[in-house]
Amino acid sequence: MKKPRIILLCVILAFLLVWPFIGPKYMVYLTLSIFGYSVALLGLNLLFNYTGLLSFGHALFIGFGGYTAAFLTSKYHIPHMEISLLIAIILAAIIGALIGMICVRYIKIYFAMLTLAFGMLFHSFLIKTYYLTGGDEGMPVLQPSLLGMDFSDMDPMAFLNGPFYFYSLGLLVLACIVMWRIVHSPFGLCIQSIRDNPDKAEYLGIGIRKYRLFAFVISGCFTAVGGVLLAPVTGHMDPGMVFWTHSGDMVFMTLLGGFTNFFGPMLGSAVFVFLRDEVSSVTQYWRLIFGALLAAMVILAPGGIIEVISRSFGFLKKKVKAGD
Amino acid sequence: MVILEATNIQKYYGDFCALAGVDIHIREGEFISIIGPNGAGKTTLINCLTGFLKPDTGQVRFKGKDIAGMGPEKLSKMGIARSFQLVHIFPDLSLIDTLKVAIISRQGKGGRFFASLSKDKVLHQQALEVAELFGLSDRLEETSKNCPQGTKKLLDVASAFALHPEIILLDEPTSGVSTSEKNKIMQVMVDASKKIGIKTILQVEHDMDIVFSYSDRIIVVQQGKILADGPPDKIEKNEDVVCNVVGQKECFQTFNRIMEMNREERA
């Protein structure tokens with residue numbers, strides 16, 4: 001990574017470290033969702049930008065993460081966040097592999113529709129199995145313990161804006177490092193070659209389905225971790241979290257921030273979360289505003305906000321055309 | 001030793017017969033050109049030989065193993081590589097990364113999820129060597145889609161060479177390239193194959209000058225059948241072939257005069 005970028009990231013990280021102490025409580029609370037979505041979008045963008053597959057069902061994996069946390073904390077009284085994370089990752093890997101085996105046989109719109117279909121299957125499953133998941137009422141997510149430390153005597157808001165904030169931030173940094181390594185590894189290069197030209201990649205001996213499947217599974221695991229992080233923030237999991245519009249929101253965040261940049265989707269999630277909060281406090285038709293914004297974004301700046309920013313600062317590598 | 005052989009392969013597209021029972025034997029160390037008019041079935045033949053298409057009947061054997069319809073991934077692992085008539089590149093990858101993909105695949109390093117690509121000096125060095133052979137060293141960091149056509153063509157071929165295959169099949173390696181560059185590209189490829197140790201080359205080519213200067217053997221395909229098969233000096237004397245490939249009967253003598261002049265020039 002180039003030096004100016006490292007300095008910029010350090011400044012952002014330093015700001016995030018002091019943010020809970022200087023920011024308004026509610027804003028700090030909103031930042032928690034951004035952390036959760038950022039980890040989830042790292043996964044989504046591994047598929048979208050690096051493998052060339054657009055998933056419209058990734059809320060499914062948010063659901064795996066979130067419901068794992070809900071089950072463990074409220075049904076089995078296992079508050080340990082680490083156990084939730086581990087089980088969510090295992091679950092996402094297993095189910096991701098099963099679903100992936102079917103989905104990666106297809107590309108483009110067929111892949112998108114299949115992932116959407118599996119997401120909706122899970123949505124129906126959650127609603128129908130009322131005795132298990134609480135149906136459309138959902139399940140509560142109780143306050144987790146972090147690294148074996150119990151914070152149950154703490155005020156919920158103080159817990160979220162305190163220990164949980166730093167825990168989430170730490171996990172986000174870790175997730176970024178791991179994903180950065182993955183996309184800059186031989187595997188990362190191979191999936192990018194598949195995105196660019198699957199026929200050519202196959203003639204160079206790259207097993208395209210195998211690589212797509214790996215990417216799908218890794219992507220699912222990251223998104224499930226994001227789901228676990230989001231669960232205590234909302235304090236409640238319901239089928240709405242896996243509904244296709246939620247997957248759509250995730251795609252929107254990715255496009256908004258700029259999918260061609262590693263950090264773009266994170267910026268997108270930040271803008272999305274804060275903007276939704278602002279707009280929905282003014283009007284209930286926030287989706288109307290967001291729809292217009294998305295249209296404007298695709299037409300005027302297909303590379304997302306990060307393209308606009310870096311174009312103004314002049315350190316952008318490639319310009320994105322909506323026709324590409 | 002026969003390395004690749006096809007026996008009685010037939011391929012139909014609906015009612016249209018693209019290959020009507022073709023037999024080919026390719027020995028190790030040969031440089032073979034397949035020629036023939038447009039629509040003769042040359043590309044179909046290459047596609048059948050490289051597993052892109054499964055022939056309707058017949059066998060394709062590589063070192064004794066039946067490979068008909070085996071699929072490109074497995075074939076590349078067995079030692080068969082190819083390039084395409086229309087350039088196949090990775091538009092958004094840089095030249096060096098494109099070559100790295102081929103080397104990673106050859107060495108089976110694709111499953112390394114956490115290894116750093118930029119710190120793999122050996123891989124970088126190997127990619128540099130291939131780039132050097134093909135004269136691509138000046139553009140290593142350039143994005144493939146921004147390169148001129150000739151460079152793209154070379155990159156397509158170079159990435160196939162980087163697999164270190166035992167046999168390489170080139171579908172019109174000089175198509176879409178200016179006449180002046182054609183010979184340069186061919187020379188680069190022949191030199192590179194010697195250095196890398198690729199012994200057998202099979203190409204489809206329209207440029208007769210190139211075909212007759214580089215090939216050990218020429219196979220003439222017409223209407224899905226093999227019209228002639230032999231060394232260049234025999235093929236150029238074959239009136240039937242020249243009339244079919246060049247076009248008109250009157251051309252036969254002119255063609256032979258040109259070939260004669262070319263030979264004198266080279267000598």
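## Close-up views of a predicted two-chain model

**View 1. Helix 3 of chain B and the helices around it.** In this predicted model, the buried residues of helix 3 of chain B pack against helix 4 (121–133) and helix 5 (149–161) of chain B, together with helix 8 (186–196) of chain A. The helix is mostly covered, with ten of its 13 residues buried, and among them are L95(B), D97(B), K100(B), I103(B) and S105(B). From its first C-alpha to its last, helix 3 of chain B reaches 19 Å, close to the 18 Å expected at 1.5 Å a residue. Just after this helix, G108(B) takes a positive phi of about 65 degrees.

**View 2. The side of chain B that touches chain A.** Across the two chains, 30 residues of chain B are in contact with 20 residues of chain A. On the side of chain B that touches chain A, the elements that give two or more residues are helix 2 (72–78) and helix 3 (95–107) of chain B. Helix 3 of chain B provides the largest share, seven residues. Sorted by class, this side of chain B has 13 nonpolar, eight polar and nine charged residues.

**View 3. Surroundings of M259(B).** M259(B) is found in helix 10 (residues 251–266) of chain B. Because M259(B) has 19 C-beta neighbours inside 10 Å, this residue counts as partly exposed, the cut-off for a buried residue being 20 or more. Apart from its neighbours within four places in sequence, M259(B) is in contact with F212(B) and E236(B). M208(B) is 51 residues from M259(B) in sequence, and their C-alpha atoms are 9.3 Å apart in space.

**View 4. Helix 11 of chain A and its packing partners.** The 14 residues of helix 11 (residues 244–257) of chain A should span 20 Å at 1.5 Å a residue, and this agrees with its end C-alpha atoms, which are 20 Å apart. Buried residues of this helix include S247(A), D249(A), M250(A), V251(A) and G257(A). The buried residues of helix 11 of chain A pack against helix 2 (25–51), helix 3 (59–75), helix 5 (108–128), helix 12 (264–282), helix 13 (286–300) and helix 14 (304–313) of chain A. Just after helix 11 of chain A, G258(A) takes a positive phi of about 120 degrees.

View 5. The secondary structure of chain A comes to 14 helices and two strands. The radius of gyration of chain A is 19 Å, close to the 20 Å that the globule rule gives for 324 residues, so chain A is as compact as a globular protein of that length. Its C-alpha trace spans about 60 × 45 × 40 Å along the principal axes, and buried residues make up 48% of the 324 residues. Among contacts in chain A between residues at least 6 apart in sequence, 77% join residues at least 24 apart. Chain A averages a pLDDT of 90, with 97% of the residues scoring at least 70; among its elements, helix 10 (residues 208–234) of chain A has the highest mean pLDDT (95) and helix 14 of chain A the lowest (83).

Technical notes
Residues are numbered from 1 along each chain as its sequence is written. Chains are lettered from A and ligands numbered from 1 in the order in which they are written. This is a predicted model: local features need pLDDT of at least 70, side-chain atom pairs count only at pLDDT 80 or more; totals for chains, interfaces and linings use all residues. Helices (H or I, at least four residues) and strands (E, at least two) are DSSP runs, numbered from the N terminus. The expected span of a helix is 1.5 Å times one less than its number of residues. A residue is buried if 20 or more other C-beta atoms lie within 10 Å of its own, exposed if 12 or fewer, and partly exposed in between; C-beta atoms are placed from the backbone. Two residues are in contact if their C-beta atoms, placed from the backbone, lie within 7 Å. pLDDT is the predictor's confidence in each residue, from 0 to 100. Ala, Val, Leu, Ile, Met, Phe, Trp, Tyr, Cys and Pro count as nonpolar, Asp, Glu, Lys and Arg as charged, and the others, Gly among them, as polar. The radius of gyration is taken over C-alpha atoms; the globule rule is 2.2 Å times the number of residues to the power 0.38.
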